[in-house]
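Morning, everyone. I'd like to walk you through one structure. Please look at the screen.

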Amino acid sequence: MSTKEFKRAARIILVGAPGVGKGTQAERLMKRYPQLSAVSSGDLLREGVRNKTPLGLEAESYIKAGNLVPDAMILKLILNELKSKRWVSSQSSITDPSPAAPSQNPSASFILDGFPRTAAQASRLDSLIPINLVVSLITPVSIILSRIASRWVHAPSGRVYNTDFNAPKVAGKDDITGEPLTKRADDDEETWKSRLKKFDDTSQPLLEHYDGKGILWTVKGNSSDEITPKLFQELESRFA
């Protein structure tokens with residue numbers, strides 16, 4: 001895959017139902033545009049807990065009590081990461097009355113993963129840093145359910161196979177170890193229908209929020225391979 005360079009910083013959020021291939025698209029985008037990197041709220045949280053940072057210890061106390069980590073704490077983690085990379089001013093704070101002025105250097109481009117998930121969280125993020133593209137990835141529910149039905153995993157390593165487009169070399173066996181593949185406990189149709197319904201309910205207000213800001217772009221396709229070229233074309237028209 002040939003690479004391309006951005007001429008200005010891209011600050012992107014990908015929104016899509018479970019199973020739509022957000023991770024695949026993010027990987028392809030970062031290969032295509034080397035200036036683009038991932039900022040994952042989940043990874044930052046796990047890293048903070050593992051390294052016992054002040055924020056990590058505070059977050060761990062919520063997790064151990066079975067509570068959700070507050071939005072303000074997630075925002076602090078994201079802001080700290082952006083400050084550490086010098087993509088925003090080191091003086092920026094989540095209590096500032098206006099959003100941080102982000103670097104326009106193309107190397108300050110990122111895909112924000114895991115946050116926001118709701119319109120309320122999006123509003124909080126708006127007050128922190130201006131996102132300039134939100135991509136809504138849409139694949140028909142019937143195709144997502146078909147993908148899940150064809151999905152097999154090698155539990156010890158986490159390797160994932162799909163009998164439709166990424167089949168193991170030997171049916172039912174892991175390519176590396178030869179050990180048997182299994183289904184995930186939650187990979188049944190009813191569980192997935194419930195997850196997809198929940199996603200629809202929470203994502204609609206989120207997408208409306210960004211549509212109102214004029215930064216929402218929607219792309220539809222039956223497969224990741226169908227969506228990727230459209231995504232490349234859009235990003236190049238906006239940032240390259």
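Ground rules. This is a predicted model, where local features need pLDDT of at least 70, side-chain atom pairs count only at pLDDT 80 or more, and totals for chains, interfaces and linings use all residues. Residues are numbered from 1 along each chain as its sequence is written, and side-chain values use heavy atoms, with hydrogens and water left out.

Overall picture. The protein has eight helices and seven strands. Those are DSSP runs, numbered from the N terminus: helices are H or I with at least four residues, strands are E with at least two. Along the principal axes, the C-alpha atoms fill a box of roughly 55 × 45 × 35 Å.

Burial next. Of the 240 residues, 42% count as buried. Buried means under 20% relative accessible area, exposed means over 50%, and partly exposed is in between, with a 1.4 Å probe and protein chains only. The accessible surface is about 12,900 Å², and carbon and sulfur atoms own 52% of that. Areas come from the Shrake-Rupley method with a 1.4 Å probe; for residues, only the protein chains shown count as cover.

Contacts. Among contacts with a separation of 6 or more, 71% are between residues 24 or more positions apart. Contact means heavy atoms within 4.5 Å.

Now the second largest pocket. It holds about 350 Å³ of space. Fourteen residues line it, and the closest to its centre are Leu68, Val69, Ile74, Arg117 and Gln121. A pocket here is an open set of points on a 1 Å grid over the protein atoms alone, where a 1.4 Å probe fits, with protein on both sides within 12 Å along at least five of seven lines; lining residues have an atom within 4 Å of a point. Points are joined across faces, edges and corners, and the volume is the space filled by probe spheres set on them.

Which helix gives the largest share of the lining? H2, with four residues. Helix H4, residues 71-84, also supplies at least two. By class, the lining has six nonpolar, five polar and three charged residues. Nonpolar is Ala, Val, Leu, Ile, Met, Phe, Trp, Tyr, Cys and Pro; charged is Asp, Glu, Lys and Arg; the others, Gly among them, are polar.

Stay with H2. Ser41 lies in that helix. Buried or exposed? Ser41 is buried, at 7% relative accessible area. Beyond four places in sequence, Ser41 contacts Ile74, Ile78, Asp113, Gly114 and Phe115.

A cis peptide bond joins Phe115 and Pro116, with omega about 0°. Pro116 sits in the loop between strand E3 and helix H5.

Two positive phi values, neither in a glycine. Lys52, in the loop between H2 and H3, has phi near 55°. Arg86, in the loop between H4 and E3, has about 60°. Lys52 is exposed at 54%, and Arg86 is exposed at 74%.

Last stop, Arg238 in helix H8. Arg238 is partly exposed, at 27%. Its contacts beyond four places in sequence are Arg8, Asn132, Leu133 and Trp217.
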